[in-house]
Amino acid sequence: MSTHKRLSFDVTINAANEKINLEIADPGNISADNLALATWGSSEILANVLHKLDKPDLSGCGTLSRTHHVLELGAGTGLVGMSAATVWHTHAHLTDLTPILPNILANIALNQALITKHSGSACVGLLDWSDPTSPVYPFDPTRTQPFPADKARVILAADTIYSEEHPELLTGVLVAKLERSEKARYIMCYPLRVGYLDHIRDLWGRLQEAGLVCMKEGREVLGVEWEEDTPYEWTVWRWGERLLAGEGGSR
Ligand SMILES: C[S@@+](CC[C@H](N)C(=O)[O-])C[C@H]1O[C@@H](n2cnc3c(N)ncnc32)[C@H](O)[C@@H]1O
């Protein structure tokens with residue numbers, strides 16, 4: 001996986017090739033899960049793929065239906081979640097482990113005016129993949145109640161498969177948090193590095209066994225400034241018909 005210390009990222013937001021520039025504060029002295037906080041290659045790829053996908057149907061999401069519009073797992077510096085809020089003009093909930101959350105909050109504040117201009121919004125919460133059924137707690141000392149939503153219409157994840165535990169953990173989060181509906185989508189991106197291929201295969205197998213079906217996939221490479229030629233794969237998943245009809249999905 002490659003990281004970048006850039007302080008801003010261009011993200012294409014529509015078919016007319018309109019770009020926004022998202023600012024990213026990346027203090028470099030924060031870490032969680034043995035990783036220093038950074039913006040990873042998959043994030044830049046996925047942020048720039050969102051506008052090419054069919055816009056998810058986010059109707060009916062919100063507090064009343066207890067369904068997040070968009071939930072990002074392992075958000076890191078928040079590039080993908082903030083891009084989703086802007087590209088899809090929606091509310092994105094960016095989650096990660098506790099040490100990472102203050103910086104995501106700071107990055108949302110840096111880009112608040114831009115996100116709002118595009119009719120989006122974003123917030124931050126704790127979601128530890130090893131505790132997938134817990135409600136998402138907000139990163140806000142004045143709020144002790146969990147967010148009043150327990151499912152998500154769209155789940156996003158960039159560069160979240162880099163150890164052998166991750167396929168099982170991520171599948172557990174999807175089973176717990178992805179809304180069981182034909183409108184629900186799981187969208188992820190990862191580098192196709194030799195060292196991670198077994199984990200990626202394992203994850204695909206587990207997602208399929210859980211009842212998810214890959215409906216779209218693509219490959220991209222990063223711009224020259226990243227100085228690497230690794231291909232990155234992005235995939236879009238939905239629940240299969242059998243699962244929605246009440247069968248299958250053993251995990
Ligand atoms: C390689 S970084 C990717 C960050 C960001 N998505 C990006 O692409 O720039 C992996 C992220 O997953 C988070 N993470 C790792 N294990 C986690 C867990 N058990 N629960 C929640 N987040 C986790 C890390 O804190 C980190 O932010």
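**Exercise 1.** Find the bridge partner of Glu217 in E14, then work out how E14 sits among its neighbours.

*Solution.* Start with the pair itself: Glu217 is bridged to Thr235 in E14. A quick note on names: strands (E, at least two residues) are DSSP runs, numbered from the N terminus. The model you're looking at is predicted, so local features need pLDDT of at least 70, side-chain atom pairs count only at pLDDT 80 or more, and totals for chains, interfaces and linings use all residues. Residues are numbered from 1 along each chain as its sequence is written, and side-chain values use heavy atoms, with hydrogens and water left out.

Next, go to strand E13 (residues 212-220): 8 bridges join E13 to E14, and the two run antiparallel. Then turn to strand E12 (residues 185-191), which is also antiparallel to E14, with 6 bridges. There, Cys189 stands opposite Trp234 in E14.

**Exercise 2.** Decide which way the residues of E14 point, and whether they are buried or exposed.

*Solution.* Recall the rule first: in a regular strand, side chains alternate between the two faces of the sheet. Now sort the residues: Tyr232, Trp234, Val236 and Arg238 point one way, while Glu233, Thr235, Trp237 and Trp239 point the other way.

**Exercise 3.** Find the distance from a polar backbone atom of Trp40 to an oxygen atom of the ligand.

*Solution.* For Trp129, a polar backbone atom is 3.0 Å from a ligand nitrogen atom.

Notes:
A polar contact is a pair of N or O atoms within 3.5 Å; within protein, one must be able to donate a hydrogen and the other to accept it, and residues adjacent in sequence count only if both atoms are side-chain atoms. Buried means under 20% relative accessible area, exposed over 50%, partly exposed in between (1.4 Å probe, protein chains only). Helices (H or I, at least four residues) and strands (E, at least two) are DSSP runs, numbered from the N terminus. Two strands pair if DSSP finds at least two bridges between them.
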